[in-house]
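Take a moment with the sequence and the fold. Then follow the strands, a helix, a pocket and a loop in turn.

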Amino acid sequence: MILLLGGTSETAPLAQELAEAGFRVLVSTATDVPLDRGQHLDIRFRTGALDEDAIVALITEQEIRAVVDASHPYAAAIRTNARRAAERADIPYFTWVRPACIEEHTKVLAAENHE
């Protein structure tokens, strides 16, 4: 089974693609905010915040073979906890990175920091 840490609009398509590729998927979201999580029979769901130890326990209990982190880009704590938990469990950890929505040739100026 693959643990898919969701919370963005990419969650459902990722879960669906993984399930259609033959994987069982456990979608985990921190809150119970309504979110499309896919409809395949091999997709299961859970909600609730997870710290590093809870992720390790979930990996063991559910026989997770890989973690796919598609959590919100600003959710730094879950990203760190998930990566460390996967390392502790000696399983692969993948981070889904949203494609950029602003092309370089636009008139948008990017700043290196807040100041």
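In which sense do strand β1 and strand β2 pair, and over how many bridges? Keep in mind that this is a predicted model. Find β1 at residues 2–5 and β2 at residues 25–29. They pair in the parallel sense, over four bridges. Within this pairing, L3 stands opposite L26 in β2.

Now step back to the whole sheet. It is an open sheet of five strands, with parallel pairing. Read across it, and the order is β3-β2-β1-β4-β5. The edges are β3 (43–47) and β5 (93–95), and each of these pairs on one side only. From one strand to the next, the twist averages 20°.

Next comes a helix. Helix α1 covers residues 11–20. It lies across β1, β2, β3 and β4. Against β2, helix α1 runs at about 165°.

Look for the largest pocket. It holds about 160 Å³ of space. Its lining consists of 13 residues. Nearest the centre lie G6, T29, A30, S71 and I78. Which classes make up the lining? Six residues are nonpolar and seven are polar, with no charged residues.

Finish at a loop. P73 sits between β4 (66–69) and α3 (76–89). P73 and T95 are 22 residues apart in sequence. In space, their C-alpha atoms are 9.9 Å apart.

Conventions:
Residues are numbered from 1 along each chain as its sequence is written. This is a predicted model: local features need pLDDT of at least 70, side-chain atom pairs count only at pLDDT 80 or more; totals for chains, interfaces and linings use all residues. Side-chain values use heavy atoms; hydrogens and water are left out. Helices (H or I, at least four residues) and strands (E, at least two) are DSSP runs, numbered from the N terminus. Two strands pair if DSSP finds at least two bridges between them. Axes are lines fitted to C-alpha atoms, for helices over the stretch in contact, and angles run from 0 to 180 degrees between N-to-C directions. Contact means heavy atoms within 4.5 Å. On a 1 Å grid over the protein atoms alone, a cavity is a set of points where a 1.4 Å probe fits but cannot get out, and a pocket is an open set with protein on both sides within 12 Å along at least five of seven lines; lining residues have an atom within 4 Å of a point. Grid points are joined across faces, edges and corners, and a volume is the space filled by probe spheres set on the points. Ala, Val, Leu, Ile, Met, Phe, Trp, Tyr, Cys and Pro count as nonpolar, Asp, Glu, Lys and Arg as charged, and the others, Gly among them, as polar.
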